[in-house]
Amino acid sequence: MQPRNMSMSGVVDLAAVKAAGEAKAKAEQARAEAARTGGVGAVPPAALVIDVDEAGFERDVLQRSAEVPVVIDFWAEWCEPCKQLGPLLERLAVEYNGRFLLAKVDVDANQMLMQQFGIQGIPAVFAVVAGQALPLFQGAAPEAQIRETLDQLIQVGEERFGLTGIVVDPDAGAPGAVPAEAPAGPYDALLEAAASALDANDFPGAIQAYKNVLVDDPGNPEAKLGLAQAELLGRVQGMDPQAVRKEAADNPGDVDAQIAAADLDLVGGHVEDAFGRLVEAVRRTAGDDRNTARLRLLELFEVIGPEDPRVTAARTALARVLF
């Protein structure tokens with residue numbers, strides 16, 4: 001079977017296979033709490049390839065797709081091309097080092113998933129990003145072509161949804177491994193100075209201090225969160241809330257007005273309103289205006305944190321209006 005054209009368009013609506021939001025919210029909250037207490041850390045390379053069935057699809061694919069693109073390999077034991085493609089995808093999952101997760105679905109044991117994805121033949125490869133499915137290709141494909149598609153997928157995840165992947169530790173989970181105590185970070189003094197500036201409403205100083213950390217450590221979670229908060233507070237400082245909200249209400253198509261109102265919404269604790277306003281702005285607009293609204297929404301995600309279920313829900317809503 002010849003591979004179909006690989007494309008990042010043509011999203012499949014997964015509403016039929018998504019579970020109710022309550023269970024997902026509880027799982028996201030539990031994961032956030034585990035992260036705060038040190039319960040979630042680096043994973044071993046073996047954890048980058050998982051077997052998925054219908055019962056675990058919500059947990060293992062949909063929920064995980066809020067933090068990392070999930071590539072799904074639909075296969076069967078009797079399928080000869082699957083025996084060539086499967087090991088290649090597994091090797092690439094390890095090589096890409098956490099930038100995507102590979103989920104393997106045995107179609108003989110999971111007929112319902114095969115039907116819901118509309119699969120006519122195997123091997124068939126999909127990806128799920130922020131709860132939305134992208135058909136990648138069907139049939140065997142050259143490694144170079146697969147790599148190109150994976151690179152596009154990762155770029156979509158990073159640029160459109162802020163998905164940064166998962167951390168991989170070759171020694172994680174090794175027999176006899178003892179978790180090491182976290183050493184004092186090299187940026188503690190800078191982070192403390194940034195927090196002090198933030199508390200003193202010195203937003204330019206806090207922004208610069210957090211940026212200094214991120215120059216050397218772009219993935220530092222405390223600096224990323226602090227920078228997002230400092231930039232948000234700096235933007236709303238001096239705003240006239242009544243005037244900003246009137247401008248947004250009078251000009252629903254004005255992206256700058258909607259962005260300013262969304263900032264105020266978030267500072268006021270109206271998280272869903274802020275996210276919903278910007279998702280709607282993305283839906284209404286095109287070109288540079290759409291990209292401006294999308295980027296501000298991703299910045300606001302950083303303020304709340306990627307594990308928050310409201311962020312997860314907003315990512316899914318954003319995916320629906322983008323594709």
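Biologist: Why is R283 called partly exposed?

Modeller: In this predicted model, R283 has a relative accessibility of 47%. Partly exposed covers the range between the 20% limit for buried and the 50% limit for exposed, and 47% lies in that range, so R283 counts as partly exposed.

Biologist: What makes E280 and R283 a salt bridge?

Modeller: The closest N and O atoms of E280 and R283 are 2.5 Å apart. E280 and R283 both lie in helix α11, residues 271-284, three residues apart, which is about one turn of the helix.

Biologist: What is the class of E280 by accessibility, and what makes it so?

Modeller: The relative accessibility of E280 is 29%. Since this value is between 20% and 50%, E280 is partly exposed.

Biologist: Which side chain meets that of R284 in a salt bridge, and how do you know?

Modeller: The partner of R284 is E280, with an N to O distance of 3.2 Å. That distance is within 4 Å, so the pair meets the rule for a salt bridge. R284 and E280 are separated by about one helical turn because they are four residues apart in helix α11. Elsewhere, salt bridges that share partners join R91, E95, E143 and R147 into one network. By this rule the count comes to 18 salt bridges.

Biologist: What makes the pair R235 and D263 a link between distant parts of the chain?

Modeller: R235 belongs to helix α8 and D263 to helix α10, residues 255-267, and the two are 28 residues apart. R235 forms a salt bridge with D263, their closest N and O atoms being 2.8 Å apart.

Biologist: Are R235 and D263 buried or partly exposed, and why?

Modeller: D263 has 1% relative accessibility, which is under 20%, so D263 counts as buried. R235 has a relative accessible area of 24%, between 20% and 50%, and is therefore partly exposed.

Biologist: How do you know that α8 and α12 pack, and at what angle?

Modeller: Two packed helices are described by the angle between their axes and the distance between the axes. For helix α8, residues 221-236, and helix α12, residues 287-304, the angle is about 120 degrees and the axes are 8 Å apart. The crossing of α8 and α12 is left-handed. K224, L225, A228, Q229, L232 and R235 in α8 meet R296, E299, L300, E302 and V303 in α12. By class, this contact has five nonpolar, one polar and five charged residues.

Biologist: Why is Q155 called partly exposed?

Modeller: The relative accessible area of Q155 is 42%. The value lies between 20% and 50%, so Q155 is partly exposed. Q155 is placed in helix α5, residues 143-161. The C-alpha atoms of Q155 and P69 are separated by 10.0 Å, although the two residues are 86 apart along the chain.

Biologist: What can be said of the protein chain overall, in secondary structure and burial?

Modeller: The protein chain comprises 13 helices and five strands. Of its 323 residues, 44% are buried. Among contacts between residues at least 6 apart in sequence, 73% join residues at least 24 apart. The chain exposes about 15,900 Å², of which carbon and sulfur atoms supply 52%.

Note on methods
Residues numbered from 1 in each chain as written. Predicted model: local features only at pLDDT ≥ 70, side-chain atom pairs only at ≥ 80, totals over all residues. Heavy atoms only, no water. Buried < 20%, exposed > 50% of the residue type's maximum accessible area, 1.4 Å probe, protein only. Contact = heavy atoms within 4.5 Å. Areas by Shrake-Rupley, 256 points an atom, 1.4 Å probe, with all protein chains shown as cover. Axes fitted to C-alpha atoms, helices over the stretch in contact; angles between N-to-C directions. Left-handed = near helix turned anticlockwise from the far one by under 90°. Nonpolar A, V, L, I, M, F, W, Y, C, P; charged D, E, K, R; others polar.
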